[in-house]
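Reader: I would like a close look at the nonpolar core of this model, and then at whatever can be said about the parts around it. Please take me through it in one connected account.

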Amino acid sequence: MHELGITQNIVAIATEKAGSQKVIRLKLQIGALSAIVPDAIRFCFDICADGTPLKGATLEIEEVAGRGKCNMCGAEMPLSLLAGICECGSYDIRCVAGQELLIREMEVV
Amino acid sequence: MCATCGCGEEDAKATVINMQTGKHVHVHADHIHQHSHEHSHEHSHDHTHEHSHNHSHEHEHAHQGSRTITLEEKILAKNDRLAERNRGYFEALNVLAINLVSAPGSGKTTLLERTINDLKSQMQFSVIEGDQATVNDAERIKTTGVKVVQINTGAGCHLDAEMLAGGLKQLDPQKNSIVMIENVGNLVCPALFDLGEKCKVAVLSVTEGEDKPIKYPHMFRAAEVLLLNKVDLLPYLEFDMEACKKYALSVNPGLKIIEISATKGNGLSVWYQWLKDNL
C-alpha cells in the first residue's frame, strides 16, 4: 500500500530534476530488505507518471540482495530477512546491503 | 472533497483536526520544490551543467539524442529532511517524542489513556493521534484533559514527517513535556517513515500470536521498546511468551521488552520508569 506514496515521491523528485525535459528512462535501486515491493512500484508507476514529464518512460529497477555482517565475529552472510543467525551462534547481525531505496539515474531528451 | 469537514481540498494528503479549537488544517504534498533545491545543485552540477548550456538550448539538442543524469537520490530523502526539522523542534523544547506503532487493536489508545491518567500529575503530555479516518481516538484522549490533535491520513497508511509538522503546529506542545504520537495501526509502513521522534515504541498484544516479530521484522527492528500488552489474558491463550521474546530479540538484539496490561496495570511501573528516565 505504501508503494503508491513512494512512487509519487519518485515521480515528484524526477519531475523536478527534469525541468522542461522529457524523461524516457528512469533507473531505481531497491534492496530486497527495503520493505518495498518492486512489482508494486511498477504497477503504480504508469498511473503516477501520467501528466508528468515521465509519462511513457521506461522504468528499470536494479534489485540488491540482502547481506548481513555479524557484530560478534565479523562474518558476512546473505540475508533473506532482516533477522538471521550467524554460524557463531549470534543473532546480533547488522544489515550491510539490501535496504537501498534510491533513484540512480534518468535519461532525458 | 475532504470527508471530515466537507471542504473542497481535493489534493490534501492529510487533515489535521485541533480538538481544542475544532480547527481543520490540510497538509499538502506540495513542498517538494522548496525542499529539494539544495539537493539538485549538490548532486547534478557536473552532469546537468556540463552538457547543457541553459534551458533554452535544451530543445535544439533534444532530437540529437538523450543524455543520462545521475541522481543517486534517496527516495525518502525529503521525509528524512523534514523529520530532522521536527527532531530539532523537539530538542529545542526538550520534548520527549514517542512514536507509538502497532497493528490495529493492540491497545495503543488504552495504553495512552492509562499512562496519561497515571502520570499527568508528575509530567505534562500532549498527543497526536493518527488514523485514516474519524476523531474517535482523539475524543478518548481528550477526556484525560491533555491537548490532542487528530491527523486523518485519508488513503494514507502511515504518518509522515510533513503531516506531523502540520499536527505539531496545532498541538503547540509545552517545554519539558512528552509528545505521544499514536501512528496509524499498521505493522509495515510506519517503520519506513521517520517522524523526528526520539524512538519508536512498538505495542504487541498477546492475542496476536508470538511470531509477529519475525513476520513483520522491519517494525520490530526499528523500535527501541516493545510493550507486550494484554498479559492479563495469558491464562486464556496459547501464547508462548519466551518464543515471542526470542523472535523479537532475533530481529533486534537491543530491544527492551516490557510485559504490561494497560487495563489491569501489570508492568506499567516499568514502562513509567522508562518514560521518566528518558524525559
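Author: In this predicted model, the largest nonpolar core has 94 residues, and those with the most contacts inside it are A:Ala14, B:Met180, B:Ile181, B:Ala202 and B:Met219. The largest share of this core, 6 residues, is supplied by helix α1 of chain A, which covers residues 2-18. As a general background, nonpolar side chains in soluble globular proteins tend to be buried together. To take one of the residues with the most contacts inside the core, A:Ala14 touches A:Val23, A:Leu26, A:Leu54, A:Ile103 and A:Met106, if residues up to four places away in sequence are not counted.

From there one can turn to the place where the two chains meet, at which 35 residues of chain B are in contact with 29 residues of chain A. On the side of chain B that touches chain A, at least two residues each come from α1 (32-51), α2 (55-62), β3 (67-74), α8 (217-222) and α9 (241-251) of chain B, and the largest share, 8 residues, belongs to β3(B). Sorted by class, this side of chain B has 16 nonpolar, 12 polar and 7 charged residues. Strand β3(B) is also joined by 6 bridges to strand β6 of chain A, residues 101-108, and the two strands run antiparallel; within β3(B), B:Thr70 stands opposite A:Glu105.

Chain A also has an open sheet of 3 strands, in the order β4-β3-β5 and with antiparallel pairing, whose edge strands, β4 (76-78) and β5 (93-97), each pair on one side only. Neighbouring strands of this sheet are turned against each other by 35 degrees on average, with direction ignored. Between strand β3 of chain A, residues 67-70, and β4(A) there are 3 bridges, and A:Arg67 has A:Pro78 as its bridge partner in β4(A).

B:Asn86 counts as buried because it has 22 C-beta neighbours inside 10 Å, where 20 or more are required. Leaving aside neighbours within four places in sequence, B:Asn86 is in contact with B:Ala161, B:Leu164, B:Ala165, B:Leu168, B:Leu195 and B:Gly196. Of these contacts, B:Ala165 lies 79 residues from B:Asn86 along the chain, while the C-alpha atoms of the two are separated by 6.5 Å.

Notes: Residues are numbered from 1 along each chain as its sequence is written. Chains are lettered from A and ligands numbered from 1 in the order in which they are written. This is a predicted model: local features need pLDDT of at least 70, side-chain atom pairs count only at pLDDT 80 or more; totals for chains, interfaces and linings use all residues. Two residues are in contact if their C-beta atoms, placed from the backbone, lie within 7 Å. Helices (H or I, at least four residues) and strands (E, at least two) are DSSP runs, numbered from the N terminus. Ala, Val, Leu, Ile, Met, Phe, Trp, Tyr, Cys and Pro count as nonpolar, Asp, Glu, Lys and Arg as charged, and the others, Gly among them, as polar. Two strands pair if DSSP finds at least two bridges between them. Axes are lines fitted to C-alpha atoms, for helices over the stretch in contact, and angles run from 0 to 180 degrees between N-to-C directions. A residue is buried if 20 or more other C-beta atoms lie within 10 Å of its own, exposed if 12 or fewer, and partly exposed in between; C-beta atoms are placed from the backbone. A nonpolar core is a set of buried Ala, Val, Leu, Ile, Met, Phe, Trp, Tyr and Cys residues joined through C-beta atoms within 7 Å.
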